[in-house]
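Have a look at this one with me before we talk it over. My notes are below, point by point.

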Amino acid sequence: MADTLGFENRYTSGVIAWAPEDEPTDNQIGAVLDAFEKTAWAGLEPDRYAWAAVLHREEGGGAHVHVLAARCDLETG
């Protein structure tokens, strides 16, 4: 989605990370991503935004999620 936008700053990215001693479960990571989505796009229906999240698990229990979101309201452009 972001690649199709015609302006310079087409996307926003970030990382959500856990320390190795946190050893987050898939359910805990999912809950954090659900809360992130509700906060980042508060008041918008899911068909009005586009984003992706990629999980990386590290040796020793750490984990981080890369997040990329198109900087565009899909309904209004």
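1. Start with strand β3, which is mostly covered: 6 of its 8 residues are buried. Buried here means under 20% relative accessible area, exposed means over 50%, and partly exposed is in between (1.4 Å probe, protein chains only). Helices (H or I, at least four residues) and strands (E, at least two) are DSSP runs, numbered from the N terminus.

2. A word on what you're looking at: this is a predicted model, where local features need pLDDT of at least 70, side-chain atom pairs count only at pLDDT 80 or more, and totals for chains, interfaces and linings use all residues. Residues are numbered from 1 along each chain as its sequence is written, and side-chain values use heavy atoms, with hydrogens and water left out.

3. Now see what β3 pairs with. Strand β1 (residues 11–18) runs antiparallel to β3, joined by 8 bridges, and Tyr-11 stands opposite Ala-70. Strand β2 is antiparallel to β3 as well, with 7 bridges; there, Ala-52 sits opposite Leu-68. Two strands count as paired if DSSP finds at least two bridges between them.

4. Which residue in the turn of the β2 and β3 hairpin has a positive phi? Look at Gly-60, with a phi of about 95°; the hairpin has 5 residues between its strands.

5. On to the charged side chains: how many salt bridges does a search of the whole structure find? The search gives 3. A salt bridge is a side-chain nitrogen of Lys or Arg within 4 Å of a carboxyl oxygen of Asp or Glu.

6. Take Asp-26 and Arg-57, whose closest N and O atoms are 2.6 Å apart in a salt bridge. Asp-26 belongs to helix α1 (residues 26–40) and Arg-57 to strand β2 (residues 51–57), so this pair ties together parts 31 residues apart in sequence. Asp-26 counts as exposed because its relative accessibility is 55%, while Arg-57, at 43%, counts as partly exposed.

7. Next, find Arg-48, which forms a salt bridge with Asp-73 (2.4 Å, N to O). That pair links distant parts of the chain, 25 residues apart: Arg-48 is in the loop between α1 and β2, and Asp-73 is in the segment after β3 (63–70). Both Asp-73 and Arg-48 are buried.

8. Arg-48 also meets Glu-75 in a salt bridge (3.7 Å, N to O), and these two are 27 residues apart. Arg-48 counts as buried because its relative accessibility is 19%, whereas Glu-75 is exposed at 59%. Through shared partners, Arg-48, Asp-73 and Glu-75 join into one network.
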